[in-house]
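Below are my notes on the model you sent. They are set out as numbered points, to be read alongside the sequence and the coordinates.

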Amino acid sequence: PLGEQSDVVLKEMYTFTDRNEDELTLRPEYTTPMIRAAISNGLLNNLPAKFFGTGQMFRRERPQKGRYRQFNQINFENFGSDDSFADVEIINLASQLLKKILPKKSISLNINTLGNRENLQDYKKILSKYFKDNQNSLSSESVSKIDSNPLRILDSKNIQDKEIVLKCPKLIELISKKDLNSYEEIKVCLKDLDITIFEDLNLVRGLDYYCHTVFEFKSNEIGSQDTLIGGGRYNGLINKLGGKDIPGIGWAAGIERLMLLMNDSPTTPEDIHLAIQDPTLKKHAIKIHDYLIKNNLSVYWNYKYNIKKSLSLASEKKAKFIVIIGEEENIENNYILKNLYNGEQKIVKFEEILDYIK
Ligand code: HAM
């Protein structure tokens with residue numbers, strides 16, 4: 001189902017015989033195993049059914065930054081709905097996740113529609129003919145794909161190929177009005193949700209099970225392996241794997257690629273520092289620490305520092321406040337709260353700390 005002629009199946013699977021002479025393959029992706037698991041455990045009786053999973057995948061690719069032979073994916077699938085809003089919901093889920101974990105990064109969403117399976121089959125024939133007519137101008141790698149997988153030529157990175165691809169017939173011309181209307185609806189809804197989309201008519205994705213909506217979220221900060229999340233619709237796949245004719249849509253994110261971007265984000269400094277006059281006051285400090293964190297504030301406390309060292313660290317780290325716990329103040333359950341922007345200092349009770357900070 002991944003496609004006999006897809007790169008994953010042709011070149012990238014780790015297949016071997018184990019001690020029992022059983023032939024094993026390490027999973028290169030998660031969608032098909034998840035479908036098999038759903039079918040064999042009777043999880044497709046109440047639809048739509050939504051699943052997620054994380055785990056290791058294996059592909060024998062040429063390793064480079066962002067591309068590994070063993071990597072982790074987080075995967076979301078929605079089985080059982082061919083409504084356009086399932087497409088919007090799952091794409092929005094990806095967008096929300098990226099905004100949450102990478103709030104400062106600029107990430108683009110490329111989207112395309114492949115039409116239904118017949119459109120895709122017809123298009124492959126049209127493309128093969130077009131590329132055959134132009135084969136003298138194509139790279140040898142692309143020439144080798146003309147008959148087997150002409151769609152893969154569309155995202156060739158070779159400059160000569162790109163020129164030929166630019167003028168090739170477009171799939172969109174074969175797609176029915178009804179399907180184009182649903183696709184239009186998806187794009188409008190995504191824009192309404194403030195998601196910026198970039199329509200890429202040559203986006204086909206590497207696995208063969210896709211039809212209709214396909215999408216990729218990309219970053220321009222991690223080099224050539226720039227796709228963070230890839231996914232799309234795969235109506236017909238569940239049926240092909242032995243289940244009922246149930247539509248589906250989903251995506252997978254590459255965890256290592258997300259981490260490349262996360263590591264690179266500057267960490268935000270803690271807003272509030274704590275300082276103690278004497279080690280005997282640690283148990284008071286940890287209570288304040290706990291209280292502020294429970295109230296969603298970011299707090300830093302170096303257990304070993306005295307007040308002087310804590311104060312200089314707080315100003316070096318540009319903290320907003322420092323709470324000083326001194327012996328005298330503590331007898332009355334009072335603390336010194338210093339505003340590090342304007343130098344103002346107040347004596348506050350435990351219950352008042354939050355109000356003053358806010
Ligand atoms: P995929 O585009 O092959 O799609 O992979 C999804 C994501 O996994 C990529 O965007 C990338 O972040 C990460 N990834 C892929 N290969 C590697 C690698 N060698 N090293 C590091 N990260 C990698 C799928 O796997 C589909 N099953 C996604 C899907 C789910 N479609 C529908 N539902």
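**Notes on the model**

1. Pro48 sits in the loop that joins α2 (31–40) to β3 (49–58); helices (H or I, at least four residues) and strands (E, at least two) are DSSP runs, numbered from the N terminus. The peptide bond from Leu47 to Pro48 is cis, with omega near -5°. Most residues other than glycine have a negative phi, and most peptide bonds are trans.

2. On provenance: this is a predicted model, in which local features need pLDDT of at least 70 and side-chain atom pairs count only at pLDDT 80 or more, while totals for chains, interfaces and linings use all residues. Residues are numbered from 1 along each chain as its sequence is written, and side-chain values use heavy atoms, with hydrogens and water left out.

3. Asp194 is in the loop between α7 (177–192) and β6 (197–199), whereas His212 belongs to strand β7. Asp194 counts as exposed at 63% relative accessibility, and His212 is buried with a relative accessible area of 16%. Here buried means under 20% relative accessible area, exposed over 50%, and partly exposed in between (1.4 Å probe, protein chains only).

4. What surrounds the ligand? The shell has 27 residues, and the closest are Glu29, Glu61, Tyr68, Glu77 and Tyr210; a residue is counted if one of its heavy atoms lies within 4 Å. By class the shell has 10 nonpolar, 10 polar and seven charged residues. In this scheme Ala, Val, Leu, Ile, Met, Phe, Trp, Tyr, Cys and Pro are nonpolar, Asp, Glu, Lys and Arg are charged, and the others, Gly among them, are polar.

5. A polar side-chain atom of Arg59 is 2.9 Å from a ligand oxygen atom. Glu77 places a polar side-chain atom 2.9 Å from a nitrogen atom of the ligand, and an N or O atom in the side chain of Tyr209 is 2.9 Å from a ligand nitrogen. The protein covers 96% of the 660 Å² of accessible area that the ligand has on its own, by the Shrake-Rupley method with a 1.4 Å probe.

6. Which strand gives the most to the shell around the ligand? That is β8, with six residues. Strands β4 (70–79), β8 (227–233) and β9 (248–254) each supply at least two. Seven of the seven residues of β8 are buried, so this strand is largely enclosed by the rest of the structure.

7. β8 pairs in the antiparallel sense with β7 (residues 211–219) over six bridges, and with β9, also antiparallel, over five bridges; pairing requires at least two DSSP bridges between the strands. Glu216 has Gly230 in β8 as its bridge partner. Arg233 stands opposite Ile249 in β9.

8. The disulfide count is zero, with a disulfide taken as a pair of cysteine sulfur atoms within 2.5 Å. Cys189 is in none, and its nearest cysteine sulfur, that of Cys211, is 19 Å away, too far for a bond. Both cysteines count as buried, Cys189 at 16% relative accessibility and Cys211 at 2%.

9. Asn112 is part of strand β5 (residues 107–113) and counts as buried at 2% relative accessibility. Its C-alpha atom is separated by 7.6 Å from that of Asn202, 90 residues apart along the chain.

Definitions and conventions. A polar contact is a pair of N or O atoms within 3.5 Å; within protein, one must be able to donate a hydrogen and the other to accept it, and residues adjacent in sequence count only if both atoms are side-chain atoms.
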